[in-house]
Amino acid sequence: MMDASTAPPTPTREELNAELLDVPEPPEQPPTPDPPRFEDSLATALRHVRGRRGGDLVGVLLVGSGARRAMTPHSDIDLIALVKGDSEGHEILRTGEHLADIRYWSAQGAEEDLADSLHLAPLLRKARVLFDHENHAARLIDKAGQRFRKGPPPATMNEQIRLKAECFHWLGKAQDLRDRPATAQYLLTVFFEACTTAFFRLRGFWLTAPTEAHRFMASREPALADLAAQFLTVTTLADRLNFGRQFAELLFKDIPNPARID
C-alpha cells in the first residue's frame, strides 16, 4: 500500500482544466449542388417577371432553398418581385423541371413590415439579388439582416397561454377521435405543426425553414427534439398520442394554464 507521504499530489482545478482540449465545432456542410438546369429555369422565371412588371419593377430576390443553396429536384423557385406602389400579386408557373412561386410585393410595404413580421427577416436576410434598380433590393436585405440580429418580438404571456391552449386542444381532439384513426392522425399533424411554431415563439428564436426545424431544435433542446423524433417515427396511434403528450408537457412546462372562470 502506498504511503500517504509518497502518494502523488492531487492535481488542482487549474491543472485539470489545462489538460482539457477545446472541442472543435462540427465542420460546416457544403451546400447541396443545384439540380441540373436550375439556373436555366431561374433565368426563364426572371425574364417572365421582368417582362410582366418591367415598368414598376424595382428588384427581384431569390429566397428559400434556392438562396440557401439547398435545392433538391422537387424544390420550388421562390421569387420575390419588389414593385412600386401597392400593386401586389402571386402566381405559380412551371419552368423547366421546377415550379416558380412568384410573389409581387410593395417595396415600401416590405420595409415597413420588417419591424413586426416573424417571417420576413429570416426569409430576406440570405436572399440572392437577381435584379436591382437603385439599390432597393440590396437595401431591403441589409435592413432584414439588422432586424434579424435584434431577434424576434417577444411573445406576451397571453400569447404563450394561447399557444399552449391551441396545442393541447388539437391533442385532445385527436385523443377524442382515436376510434377514427385517419382523422386522429391528421389532427396530430396539425398539433405538431402548432407545437413547432410554439417552440420558436416561446424560446425567442426566429422561425426556420420546415426542413431545418428539427435539426435546430436538437441543437438547442436535445430532450425535446428526441421526443419529437419519437412522435414522428412511431407507427401506432397510441404511441403517437403518448409521445405527443410528453412532447407538449415538456414544451409548455413553464407556461400556466388559462385562467378558470367557474
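Is E166 buried, partly exposed or exposed? E166 has a relative accessibility of 33%, so it counts as partly exposed. The model in which this value was computed is a predicted one.

The structure as a whole holds 12 salt bridges. One of them joins D56 to R53, with 3.3 Å between the closest N and O atoms. D56 has a relative accessible area of 19%, and the limit for a buried residue is under 20%, so D56 counts as buried. Another salt bridge is formed by D254 and K253, where the closest N and O atoms are 3.3 Å apart. Here both D254 and K253 are exposed.

The wider setting comes next. The protein has 10 helices and five strands. It contains 262 residues, of which 37% are buried. Taking the contacts between residues at least 6 apart in sequence, 60% join residues at least 24 apart.

The axes of α6 and α10, the helix of residues 237–251, come within 11 Å of each other and cross at roughly 165°. An angle over 145 degrees counts as roughly antiparallel, so α6 is roughly antiparallel to α10. The crossing of α6 past α10 is left-handed. On the α6 side the contact is made by F168, L171, A174 and Q175, and on the α10 side by L241, G244, R245, A248 and E249. Sorted by class, the residues in this contact are five nonpolar, two polar and two charged.

A second pair of helices crosses at another angle. Helix α7 spans residues 181–203 and helix α8 spans residues 210–220; their axes come within 12 Å and cross at roughly 45°. This angle makes α7 oblique to α8. Here, too, the crossing is left-handed. The residues that meet are T196, F199 and F200 from α7 and A213, F216, M217 and R220 from α8. This contact of α7 with α8 consists of five nonpolar residues, one polar residue and one charged residue.

Where does I80 lie? I80 is part of strand β2, which runs over residues 77–83. I80 counts as buried because its relative accessibility is 3%. Leaving aside residues up to four places away in sequence, I80 touches G59, V60, L61, V63, R103, W105, L123 and L124. The C-alpha atoms of I80 and Y104 are 6.0 Å apart in space, although the two residues are 24 residues apart in sequence.

Note on methods. Residues numbered from 1 in each chain as written. Predicted model: local features only at pLDDT ≥ 70, side-chain atom pairs only at ≥ 80, totals over all residues. Heavy atoms only, no water. Axes fitted to C-alpha atoms, helices over the stretch in contact; angles between N-to-C directions. Helix = DSSP H or I, 4+ residues; strand = E, 2+ residues; numbered from the N terminus. Parallel < 35°, antiparallel > 145°, perpendicular 65-115°, else oblique. Left-handed = near helix turned anticlockwise from the far one by under 90°. Contact = heavy atoms within 4.5 Å. Nonpolar A, V, L, I, M, F, W, Y, C, P; charged D, E, K, R; others polar. Salt bridge = Lys/Arg side-chain N within 4 Å of Asp/Glu carboxyl O. Buried < 20%, exposed > 50% of the residue type's maximum accessible area, 1.4 Å probe, protein only.
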